[in-house]
Each structure stands twice: as C-alpha cells, then as structure tokens.
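Student: I would like to learn how to read a structure, one feature at a time.
Tutor: Then have the sequence and the model in view.

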Amino acid sequence: MNLYELTNRFWQEGEYEPYSSTEVALYFFLLYRANARRWQMPIRCPTEMICNRIKTSKQNLVKARECLKQRGFISFVPGKGKEVAPTYTIMERTSSVPMVQDLTFHGIKCQSTCIWRISLKKNRH
C-alpha cells in the first residue's frame, strides 16, 4: 500500500464530506500502526488502547470506525471483551468515488461523498 495515496484519497474525499475529529485521529492512528507493522494486515489493537492514544471515548471510537468502514477506508472485526482485541484492515480502493451504500448502522448515521456528488448532479439538471 502507498501511504501517500491513502492519505491523499482520505483528504480528497474529506473536501466533499468532512470527517469528525475522531475519524481523522482513528484513521491516521491505524495508518501509523499499519506502517509500524510493515503493512501486515489485519492490525489487532485493543479499543481501550486506541481510546487512550487518540483521547476519545469508546462510544466515539465505535461511531468513527463504523463511519470509516461505511466510507470504504477500513474494515474491522469487533473484539470479544477484553480477551480478544478488534482487528482492523486498511482498505485500498482503486476508485476515488465511493460506492452508494446504506450509511446507517445500529442508529449511527454516516455521510458519504458519493451521496453528495449524486445530489449535486441531480441539482444541475
């Protein structure tokens, strides 16, 4: 994976649909961890440790990782209590335009660049 391309894609999409500060912190923390592990996926990382490192609550972390997943930046497998930490995978999309998808997960609303772009095209006609 190319760190420059991943970072560039993240900020390009953010121009159309901004991220929360927790989404930004989580994504770049995961990029840091992936790079430290020489991009061996998945990355196993305890939720409590991530919360401490990026200075956020578990609730905000859960919401941020769902939003990043919905936008196609990461995938993850939740952990099982304190015994098994969640695993994260950095996703490498080939297209800069995300797919249209349902962006509500367990009541968490996420916004997508694709929806914004589609609504822009509709308004131009």
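Student: What should I know before starting?
Tutor: This is a predicted model, in which local features need pLDDT of at least 70, side-chain atom pairs count only at pLDDT 80 or more, and totals for chains, interfaces and linings use all residues. Residues are numbered from 1 along each chain as its sequence is written, and side-chain values use heavy atoms, with hydrogens and water left out.

Student: How many residues does helix α1 have?
Tutor: Helix α1 covers residues 3–16, which is 14 residues, and spans 21 Å from its first C-alpha to its last, close to the 20 Å expected at 1.5 Å a residue. Helices (H or I, at least four residues) and strands (E, at least two) are DSSP runs, numbered from the N terminus. The expected span is 1.5 Å times one less than the number of residues.

Student: Which residues of α1 are buried?
Tutor: An α-helix has 3.6 residues a turn, so residues three or four places apart point the same way. In α1, L6, R9, F10, E13 and G14 are buried. Seen down the axis, the buried residues of α1 fall within an arc of 135 degrees, so they line one face of the helix. That arc is taken from the directions from the helix axis to the C-beta atoms. The face turned away from the buried side of α1 carries exposed Y4 and E15. Buried means under 20% relative accessible area, exposed over 50%, partly exposed in between (1.4 Å probe, protein chains only).

Student: Where is F28, and how exposed is F28?
Tutor: F28 is in helix α2, residues 21–36. F28 counts as partly exposed, because its relative accessibility is 27%. F28 and F10 are 18 residues apart in sequence and 9.8 Å apart in space, C-alpha to C-alpha.

Student: Which peptide bond is cis?
Tutor: The bond from M41 to P42 is cis, with omega near 0 degrees. P42 is found in the loop between α2 and β1 (43–44).
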